[in-house]
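Here is a short tour of a two-chain model, written for someone who likes the cut-offs spelled out. Have the viewer open as you read.

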Amino acid sequence: MSDVQEGHEHPEDSAELSYYAQRAQAIEALLEEKGLCTPEEVQQAVNTVESRSPADGARVVARAWVDPGFKQRLLADPRSAVEEMGYILPDANTQLAVLENTEDVHYLVVCTLCSCYPRNLLGRPPDWYKSLAYRSRAVIDPRGVMAEFGLELPGEMEVRVMDSTADMRYLVLPRRPAGTEGLSEEALARLVNRDSMIGVTDPFIPQAVASA
Amino acid sequence: MTRVHDRGGWPTDESIDRADHAHADWELRVDALHQVLGRKGLRSTDEMRRAIESLPPEEYESIGYYERWTAALEILLVEKGILTTEEIDRKMAQLDQ
């Protein structure tokens, strides 16, 4: 692992931990010695973050696709709407906005300054979202970026790029694929991939529809 | 003045590397540590952002994401008088043995 992923050594290779990895361990150990945190608290926070994944955001999107009332509430007051589904956004200072893709407008989300992202609904951001290349290019060449992810939008479709901040996070509500009228909410949620909720792709098209 | 973190529109032809790496244990823990300290009022997201943005440009560009978080955490804890650089140096040497 460490030989193919430079700079991110496997935890077992403690002798080869990078300077910053060792630094981080030293800082945690000192904070624990001083009683400012406990290893259990840190592990609990790790577990909480690990428990969130794009499947959570996908459930929200699928609900919006099948329930027009929910969709309306989701667009108007995302925090309360996702709370209905059991997703609590703990930081009251951080707003969530839901951006609805339509046949005329396609949204793309970036954080040019760093990595702000709706972690409570999508889990940790992917590495590319945090990369300098994505942060630089999303705002000047969004169509080129989407093309790299395999998405070619019609020229007449408007592309709106939204730049996240520490106070405002965005979730894209992608368009429901055509031909999915008969699918259950659960089956629809499986079509909603992470990247479609960032806006670099569209949702999956179900096999049966794609081959029809 | 454009600063190093303000990447929007920086000219680059670099393609986007879509590979994700598996997070190392220390990366998960430094992320978690920030949250735990945040809940205790010992650091805020804005302080954290300011600390990351204060890194020397060449360091900002050459180190990894959670390495920046670690560097920022040290800056804040030292600034607040919670830890000293020497203390961290000593603990690091001790853990390395």
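Is strand β2 (residues 105-110) of chain A mostly covered or mostly uncovered? Strand β2(A) is mostly covered, with five of its six residues buried. A residue is buried if 20 or more other C-beta atoms lie within 10 Å of its own, exposed if 12 or fewer, and partly exposed in between, with C-beta atoms placed from the backbone.

## Ground rules

This is a predicted model, in which local features need pLDDT of at least 70 and side-chain atom pairs count only at pLDDT 80 or more, while totals for chains, interfaces and linings use all residues. Residues are numbered from 1 along each chain as its sequence is written, and chains are lettered from A and ligands numbered from 1 in the order in which they are written.

## Chain A at a glance

Chain A holds twelve helices and four strands. Helices (H or I, at least four residues) and strands (E, at least two) are DSSP runs, numbered from the N terminus. The C-alpha trace of chain A spans about 60 × 35 × 35 Å along its principal axes, and buried residues make up 35% of its 212 residues.

Among the contacts in chain A with a separation of 6 or more, 66% are between residues 24 or more positions apart. Two residues are in contact if their C-beta atoms, placed from the backbone, lie within 7 Å.

## Strands, and a buried proline

Back to β2(A): this strand pairs with strand β3 (residues 158-163) of chain A in the parallel sense, over six bridges. Two strands pair if DSSP finds at least two bridges between them. For A:Val109, the bridge partner in β3(A) is A:Met162.

A:Pro174 sits in the loop between β4 (168-173) and α10 (185-189) of chain A. Why does A:Pro174 count as buried? Because A:Pro174 has 26 C-beta neighbours inside 10 Å. Leaving aside neighbours within four places in sequence, A:Pro174 is in contact with A:Val61, A:Asn101, A:Val192, A:Ser196, A:Met197, A:Asp202 and A:Pro203. A:Pro174 and A:Ala62 are 112 residues apart in sequence, yet their C-alpha atoms are 9.7 Å apart in space.

## A helix pair in chain A

Two packed helices are described by the angle between their axes and the distance between the axes. Helix α3 (residues 54-66) and helix α4 (residues 68-76) of chain A pack at an angle of about 125°, with their axes 5 Å apart. That angle makes α3(A) oblique to α4(A). Axes are lines fitted to C-alpha atoms, for helices over the stretch in contact, and angles run from 0 to 180 degrees between N-to-C directions. Angles under 35 degrees count as roughly parallel, over 145 as roughly antiparallel, 65 to 115 as roughly perpendicular and the rest as oblique.

α3(A) passes α4(A) in a left-handed crossing. The contact is made by A:Val60, A:Arg63 and A:Ala64 of α3(A) and A:Phe70, A:Lys71 and A:Leu74 of α4(A). A crossing is left-handed if the near helix is turned anticlockwise from the far one by less than a right angle, and right-handed if clockwise.

## Chain B and its helix α4

Chain B has five helices and zero strands. Its C-alpha trace spans about 45 × 30 × 25 Å along the principal axes, and 31% of its 97 residues count as buried.

Helix α4 (residues 65-79) of chain B has 15 residues, which at 1.5 Å a residue should span 21 Å, and its end C-alpha atoms are 21 Å apart, which agrees. The expected span is 1.5 Å times one less than the number of residues. Buried residues of α4(B) include B:Trp69, B:Leu73 and B:Leu77. The buried residues of α4(B) pack against α1 (19-33) of chain A together with α1 (25-39), α2 (45-53) and α3 (57-62) of chain B. Just after α4(B), B:Gly81 takes a positive phi of about 75°.

## Where the chains meet

How many residues of chain B are in contact with chain A? The count is 47 residues of chain B, in contact with 45 residues of chain A. The largest share of the chain B side, eleven residues, comes from α1(B).

The axes of α1(A) and α1(B) come within 10 Å and cross at roughly 45°. That makes α1(A) oblique to α1(B), and their crossing is left-handed. The contact is made by A:Ala21, A:Ala24, A:Gln25 and A:Glu28 of α1(A) and B:Trp26, B:Arg29, B:Val30 and B:Leu33 of α1(B).
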